[in-house]
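Hi,

Here is the structure I promised to pass on. Have a look at it first, and then read my notes below.

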Amino acid sequence: MRLPNTAHTSLPWRIHELTRDFRLEDVWALPTPGGPDDFPRLVQQFASGDPSQSSSGAARTLWALRLKVGELLGWDAPEAGLGSRVPTLRDRLPADLRDAPSGPDFDALPATSLYLLEDEWAAEAANRTMHGVMHLGWVPDETGCYRAQMAVLVKPNGLFGTAYMAAIRPFRHLVFYPAVMRQIERQWRARAGDSTPAHA
């Protein structure tokens, strides 16, 4: 479920210190209810994810199309990424975050962990179109349970990047993210040993 931007901006996440020049693109509530100690399991699930293996044919097709276009046009070449076209946000980390665990390596996604805290994780990626940050937070509710929320922050690469982000927004919101949410819920329930069917 999409959330208002204030669901992210109103909380004292450390990522705010690093992304003042980024735009908040999306905020989503994730279907991953849990307890106070379940956040590392969620982080590992995200890091091991592979969009090319999505159970949604439409999401797999969109991901494959994006990879093919990126390959043909050189959007994802090493010189377009972190440490080349843009500096990594690790250069902005204050001392305490620099000394904290950076987080897990990604199995399939072209992203790099920035830092991992007990209730917050951030990772970054960059290509010819944008420099982006994925942020996960572990949020308590009034009942004592916890839920996750994901924020996506971007810095488009000029007019081209701005136009690209605007062009793919409907596909992200209508096809890709809904499929990702269903996949996340299925995997979360499976790893928790919960056989309750995920929402369609």
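What share of the 200 residues in the protein chain is buried? The answer is 42%. Keep in mind that this is a predicted model.

On to the fold. The protein chain has five helices and five strands, and going along the sequence they come in the order α-β-α-α-α-β-β-β-β-α. The radius of gyration is 17 Å, close to the 16 Å that the globule rule gives for 200 residues, so the chain is as compact as a globular protein of that length. If you trace the C-alpha atoms along the principal axes, they span about 45 × 45 × 30 Å. Of the contacts with a separation of 6 or more, 65% are between residues 24 or more positions apart.

The accessible surface is about 10300 Å², and carbon and sulfur atoms account for 59% of that. As for charge, there are 21 positive and 23 negative side chains, with the centres of the two sets 8 Å apart.

The whole structure holds eight aromatic pairs. One of them is F39 with W138, a tilted pair with 5.9 Å centre to centre and 35° between the planes. This pair ties together distant parts of the chain: F39 sits in helix α2 (residues 39-47) and W138 in strand β4 (residues 130-140), 99 residues apart. F39 counts as buried because its relative accessibility is 0%, and W138 counts as buried too, at 2%. Ring pairs also join F39, W138, Y146 and W188 into a cluster.

Cheers

Methods: Residues numbered from 1 in each chain as written. Predicted model: local features only at pLDDT ≥ 70, side-chain atom pairs only at ≥ 80, totals over all residues. Heavy atoms only, no water. Helix = DSSP H or I, 4+ residues; strand = E, 2+ residues; numbered from the N terminus. Rg over C-alpha atoms; globule rule 2.2 N^0.38 Å. Buried < 20%, exposed > 50% of the residue type's maximum accessible area, 1.4 Å probe, protein only. Contact = heavy atoms within 4.5 Å. Areas by Shrake-Rupley, 256 points an atom, 1.4 Å probe, with all protein chains shown as cover. Lys, Arg positive; Asp, Glu negative; His and termini not counted. Charge placed at Lys NZ, Arg CZ, Asp CG, Glu CD. Phe/Tyr/Trp six-rings, centres within 6.5 Å; stacked < 30°, edge-to-face > 60°.
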